[in-house]
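Visitor: Hi, I've got a structure open and would like to talk it through. Could you walk me through the rings and the ligand site?
Guide: Happy to, let's take a look together.

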Amino acid sequence: MHLYIAYKRYSSWSLRPWLLMKEAGIPFEETVLPFAHDDSLQRLATDHQIPATVPVLEHEGRIIWDSLAIMEHLAESYPDKELWPDNPVLRTLARCASAEMHSGFVALRSEHPMNCHRIHPMTPGRAVQADLDRLAVLWQKFSSAKNSSEDFLCGSFSIVDAMFAPVAWRVHGYQLSISPGFERWSAAMMALPAMKQWADEGAQESWRVDATESIGL
Ligand SMILES: N[C@@H](CCC(=O)N[C@@H](CS)C(=O)NCC(=O)O)C(=O)O
């Protein structure tokens, strides 16, 4: 099992399956492809005739090239890990919210790119505020549906938490405000050993992407 990712400082899509596999205890090897600094991602894409984006998972001779497809593949490959919640109501909600994250929250994702090592408070614009308001509604939906005092969205950590993990870094880095429920979730996420490991390893990287480092200046 081999996961290709990009910068731990910046690559939000890479973080999702990496965090899921670490937290689930699925062993894997990893390679960082710094696509803004060399052509290693382009070469991987050409070799496999896939888009030049990360994450990419290589597993048992198969190539899976999209974050959500990778996490679905892992859920299917490791049923005992319960990567989606067992409860069907929560599972439906988790799938819908994960798909919504995958295709939505465009303003939040584009105006506040993930940067795990920069604190730069910003006032959200109208479109970003609408995304933050939507997150508060989603968190309330999970809170009403789950029967657990645990702070992850479905009680125990699952794919939907991994899907929203970069939002925890964005809210932290740009000092955005969502809701008390979101803050409890975010604190639980930040306390995960794998989130700390990701940030620590990102801090060791020397690559910088100026466009991301200068957001809000
Ligand atoms: N929808 C894709 C998005 C992947 C994506 O956009 N990844 C970014 C890194 S976070 C990327 O590879 N960008 C390459 C580039 O901009 O050249 C997924 O979910 O995997």
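**Rings and ligand**

Guide: Let's start with a charge over a ring: the charged end of Arg16 sits over the ring of Trp13, 3.9 Å from the ring centre. Keep in mind that this is a predicted model.

Visitor: Where else does Trp13 turn up, say around the ligand?
Guide: Trp13 is one of the residues around the ligand, along with Ser11, Ser12, Phe35, Ala52, Thr53, Val54, Pro55, Asp66, Ser67 and His102.

Visitor: How does that shell divide into nonpolar, polar and charged?
Guide: Five of the shell residues are nonpolar, five are polar and one is charged.

Visitor: Which N or O atoms of side chains come up against the ligand's nitrogen and oxygen atoms?
Guide: An N or O atom in the side chain of Asp66 is 3.2 Å from a ligand nitrogen. For ligand oxygen, a polar side-chain atom of Ser67 lies 2.5 Å from one such atom, and the side chain of His102 has an N or O atom 3.0 Å from an oxygen of the ligand.

Visitor: And how much of the ligand's accessible area does the protein cover?
Guide: On its own the ligand has 510 Å² of accessible area, and the protein covers 69% of that.

Visitor: Back to rings. How many aromatic pairs does the structure hold?
Guide: There are 10 aromatic pairs. Among them is Tyr7 with Tyr10, an edge-to-face pair with 5.8 Å from centre to centre and 70° between the planes.

Visitor: Is Tyr7 buried or exposed? And what about Tyr10?
Guide: Tyr7 has a relative accessible area of 2%, so Tyr7 is buried. Tyr10 is buried as well, at 9%.

Visitor: Why is the pair of Trp139 and Trp185 edge-to-face?
Guide: Because the planes of Trp139 and Trp185 are at 85°, and an angle over 60 degrees counts as edge-to-face. The ring centres are 5.0 Å apart.

Visitor: What does that pair tie together?
Guide: Trp139 is in helix α6 (residues 126-145) and Trp185 is in helix α8 (residues 180-190), so the pair ties together parts 46 residues apart in sequence. Both Trp139 and Trp185 are buried. Ring pairs also link these two with Phe105, Phe164 and Phe182 into a cluster.

Visitor: Changing topic: where does Val89 lie, and is Val89 buried or exposed?
Guide: Val89 lies in helix α4 (residues 88-103). Val89 counts as exposed because its relative accessibility is 58%, and the cut-off for exposed is over 50%.

Definitions and conventions: Residues numbered from 1 in each chain as written. Predicted model: local features only at pLDDT ≥ 70, side-chain atom pairs only at ≥ 80, totals over all residues. Heavy atoms only, no water. Phe/Tyr/Trp six-rings, centres within 6.5 Å; stacked < 30°, edge-to-face > 60°. Buried < 20%, exposed > 50% of the residue type's maximum accessible area, 1.4 Å probe, protein only. Helix = DSSP H or I, 4+ residues; strand = E, 2+ residues; numbered from the N terminus. Lys NZ or Arg CZ within 6 Å of the ring centre and 35° of its normal. Near = heavy atom within 4 Å. Polar contact = N/O pair within 3.5 Å; in protein donor to acceptor, adjacent residues only side chain to side chain. Areas by Shrake-Rupley, 256 points an atom, 1.4 Å probe, with all protein chains shown as cover. Nonpolar A, V, L, I, M, F, W, Y, C, P; charged D, E, K, R; others polar.
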